Amino acid sequence: MDWSRGFVDCHCHLSAAEFSHDIEHVLDEAKAVGVQALVAVAEHSAEFDKVIHLSKRYPELIFPCLGVHPVQASQVEQQRSATLKDLEDALPLIEQYKDNLVAIGEVGLDFTPRIASTDEQKEEQRQVFIRQIQLAKQLGLPLNVHSRSAGRPTINLLKEQGAEHVLLHAFDGKPSVAMEGVKAGFFFSIPPSIIRSEQKQRLVKQLPLENICLETDSPALGPEKQIRNEPKNIRYSAEYIAKVKGISMEEVIHVTSKNALRLFPKMLQIVHK
């Protein structure tokens with residue numbers, strides 16, 4: 001398999017309910033546009049089994065990550081800030097499946113006021129995140145990281161904890177803050193919503209191609225608001241990056257896929273088993 005000729009979607013939610021009725025069709029359409037690998041993240045322990053099941057059903061296409069997201073809930077109206085109890089519930093399953101994983105994720109910080117309005121909630125999120133950074137280091141795995149309304153605190157905490165192999169997905173902070181992550185050797189993945197996001201456009205202008213990966217965050221962050229995003233839309237990210245950097249799509253695909261393999265080396269081991 002020549003990974004440099006196809007897309008690697010470094011962050012997507014294939015276990016989401018939105019895909020439960022047509023996942024096979026979604027994957028076929030992704031492969032048809034050249035997607036060669038999908039890094040599937042989890043948010044809470046209730047979906048861990050589903051992520052692992054998908055990766056076993058499509059072993060050379062879907063690569064699993066397990067982790068406790070800073071926002072917990074299966075329904076939007078029930079969303080709340082993560083607690084240490086959420087992590088305790090998740091750890092036995094992460095331990096059970098650790099040999100299958102290419103990363104710990106989706107983990108991080110979310111300081112959106114409706115999610116974390118108190119210092120206590122923010123501190124508990126930090127503790128959940130710190131423990132998962134330490135877990136990733138123990139297991140020799142990279143981190144697939146969320147950082148909504150918390151760009152600087154997330155990067156600072158990763159650096160304080162000595163995290164080295166990090167993907168910051170759909171980073172919503174300032175380019176100057178992102179560049180602190182670049183200095184630490186972190187990667188940033190860019191979703192298709194870049195075509196409608198001035199913040200993401202400013203970010204890509206500043207980020208070196210050597211620190212950029214591609215993602216879809218499916219079913220969220222698509223090229224159109226309120227419409228289900230799919231892995232096939234990854235080409236929108238690549239096209240926009242090529243335009244901004246003044247390079248070919250082929251170069252974007254080649255470099256971002258090479259970056260993904262540097263970040264998630266276990267993908268190659270799994271394929272070549």
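**Close-up 1. Cysteines without a bond.** The structure holds zero disulfides, a disulfide being a pair of cysteine sulfur atoms within 2.5 Å. Cys10 is in no disulfide, and its nearest cysteine sulfur, that of Cys213, is 4.2 Å away. That distance is too far for a bond. Cys10 is buried at 0% relative accessibility, and Cys213 is buried with a relative accessible area of 0%. Buried means under 20% relative accessible area, exposed over 50%, and partly exposed in between (1.4 Å probe, protein chains only). This is a predicted model, in which local features need pLDDT of at least 70 and side-chain atom pairs count only at pLDDT 80 or more, while totals for chains, interfaces and linings use all residues. Residues are numbered from 1 along each chain as its sequence is written, and side-chain values use heavy atoms, with hydrogens and water left out.

**Close-up 2. The annotated histidines.** An unreviewed UniProt entry lists His146 and His169 under "binding site". UniProt positions follow the numbering used here, feature names are shortened, and annotations may be inferred rather than shown by experiment. The two span 24 residues in sequence, yet no two of their C-alpha atoms are more than 5.9 Å apart, so they gather at one spot. The lining of the largest pocket includes His146 and His169. His146 is found in strand β7 (residues 143–148), and His169 in strand β8 (residues 166–169). Helices (H or I, at least four residues) and strands (E, at least two) are DSSP runs, numbered from the N terminus.

**Close-up 3. Surroundings of His146 and His169.** His146 is buried, with a relative accessible area of 5%. Leaving aside neighbours within four places in sequence, its contacts include His69, Glu106, Asp110 and His169. Contact means heavy atoms within 4.5 Å. A polar contact of 3.3 Å joins the side chains of His146 and His69. Such a contact is a pair of N or O atoms within 3.5 Å; within protein, one must be able to donate a hydrogen and the other to accept it, and residues adjacent in sequence count only if both atoms are side-chain atoms. His169 is also buried, at 5% relative accessibility. Not counting residues up to four places away in sequence, His169 touches His11, Glu106, Glu215 and Asp217, among others.

**Close-up 4. The largest pocket.** Its volume is about 1300 Å³. On a 1 Å grid over the protein atoms alone, a pocket is an open set of points where a 1.4 Å probe fits, with protein on both sides within 12 Å along at least five of seven lines; lining residues have an atom within 4 Å of a point. Grid points are joined across faces, edges and corners, and a volume is the space filled by probe spheres set on the points. Of the 40 lining residues, Glu43, Gln79, Arg148, Asp217 and Ala220 are the closest to the centre. Strand β7 gives the most to the lining, with three residues.

Close-up 5. Most residues other than glycine have a negative phi, and most peptide bonds are trans. The peptide bond from Gly105 to Glu106 is cis, with omega near 15°. Glu106 sits in strand β6 (residues 103–110). A cis peptide bond also joins Ser218 and Pro219, with omega about 5°. Pro219 is in the loop between β10 (212–214) and α8 (234–245). Leu221 lies in the loop between β10 and α8, with a positive phi near 55°.
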